[in-house]
Amino acid sequence: VQLQASGGGLVQDGGSLRLSCAASGSIFSMNYMGWYRQAPGKQRELVARITSSGTTNYADSVKGRFTISRDNAKNTVSLQTNSLKLEDTGVYYCNAMARGVLYWGQGTQVTVSS
């Protein structure tokens with residue numbers, strides 16, 4: 001499974017971005033897919049995750065601002081980020097768990113400016 005993340009960029013405080021993660025194969029059977037981020041000098045942290053049944057969970061810091069969704073027909077998982085804050089800056093990575101194997105995509109940079 002290969003994962004391709006896209007949609008990052010430079011945005012002003014309070015702005016929005018939509019990140020997408022395209023999988024090379026079907027995501028229908030994947031246990032879950034998620035987004036992590038890593039800020040400079042910090043550890044990678046979970047942002048949001050969605051299971052095969054559609055159950056979602058979010059980091060407390062993004063609840064109410066970010067929404068994760070999946071499109072099984074297009075084999076993509078998206079992360080709608082609204083009301084972005086300076087502290088949301090970082091490299092965002094998508095991942096997927098399938099048949100006991102964890103896959104990672106390359107990151108996409110999100111930079112929030114004041």
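This is a predicted model: local features need pLDDT of at least 70, side-chain atom pairs count only at pLDDT 80 or more; totals for chains, interfaces and linings use all residues.
In strand E9, Asn95 is the bridge partner of Gly34.

**View 1. Strand E4 and its two antiparallel partners.** E4 spans residues 32-38, while E5 covers 45-51 and E9 covers 90-98. Toward E9, the pairing is antiparallel and consists of 7 bridges, including the one between Gly34 and Asn95. Toward E5, the pairing is also antiparallel, with 6 bridges. Look for Tyr32, which stands opposite Thr51 in E5. How many residues of E4 are buried? The count is 6 of 7, so this strand is mostly covered by the definition of buried as under 20% relative accessible area.

**View 2. The turn of the E4-E5 hairpin.** E4 and E5 make a hairpin, and 6 residues lie between them. Within the turn sits Gly41, whose phi is positive at about 75°.

**View 3. The nonpolar core.** Which residues have the most contacts inside the largest nonpolar core? They are Met33, Trp35, Val47, Leu79 and Tyr92, in a core of 27 residues. The elements that supply two or more residues to this core are E1 (3-6), E3 (17-23), E4, E5, E7 (66-71), E8, E9 and E11 (108-113).

**View 4. Thr81 at the end of strand E8.** Thr81 belongs to E8, the strand of residues 76-81. Is this threonine buried or exposed? Its relative accessible area is 3%, which is under the 20% limit, so Thr81 counts as buried. A polar atom of the Thr81 side chain lies 2.8 Å from the backbone oxygen of Leu17. Leaving out residues up to four places away in sequence, Thr81 touches Gly15, Ser16 and Leu17, as well as Arg65 and Phe66.

View 5. Most residues other than glycine have a negative phi. How do their surroundings compare? Asn75 is buried at 18% relative accessible area, whereas Ser83 is partly exposed at 40%.

**View 6. Thr89 beside Val112.** Thr89 is another residue of the loop between E8 and E9. A polar atom of the Thr89 side chain lies 2.9 Å from the backbone nitrogen of Val112. Setting aside residues up to four places away in sequence, Thr89 touches Gln109, Val110, Thr111 and Val112, and it also touches Ala39.

**View 7. Gln4 in strand E1.** Gln4 is found in E1. What is its relative accessibility? At 47%, it lies between the 20% and 50% limits, so Gln4 counts as partly exposed. Beyond its neighbours within four places in sequence, Gln4 is in contact with Ser20, Cys21, Ala22 and Gln106. For Ser20, the C-alpha atom is 8.0 Å from that of Gln4, with 16 residues separating the pair along the chain.

**View 8. Stepping back to the whole chain.** To finish, here is the setting for the close-ups. The protein has 11 strands and 0 helices, so reading from the N terminus gives β-β-β-β-β-β-β-β-β-β-β. Its C-alpha atoms fill a box of roughly 40 × 25 × 20 Å along the principal axes. Why does the radius of gyration fit a compact globule? For 114 residues, such a globule would have a radius near 13 Å, and the protein has 13 Å, which agrees. Of these 114 residues, 40% count as buried. Among contacts with a separation of 6 or more, 52% join residues 24 or more positions apart. The protein exposes about 5,900 Å², and carbon and sulfur atoms supply 48% of that area.

Note on methods. Residues are numbered from 1 along each chain as its sequence is written. Side-chain values use heavy atoms; hydrogens and water are left out. Helices (H or I, at least four residues) and strands (E, at least two) are DSSP runs, numbered from the N terminus. Buried means under 20% relative accessible area, exposed over 50%, partly exposed in between (1.4 Å probe, protein chains only). A polar contact is a pair of N or O atoms within 3.5 Å; within protein, one must be able to donate a hydrogen and the other to accept it, and residues adjacent in sequence count only if both atoms are side-chain atoms. Contact means heavy atoms within 4.5 Å. A nonpolar core is a set of buried Ala, Val, Leu, Ile, Met, Phe, Trp, Tyr and Cys residues joined through side-chain atoms within 4.5 Å. The radius of gyration is taken over C-alpha atoms; the globule rule is 2.2 Å times the number of residues to the power 0.38. Accessible areas come from the Shrake-Rupley method with a 1.4 Å probe; for residues, only the protein chains shown count as cover. Two strands pair if DSSP finds at least two bridges between them.
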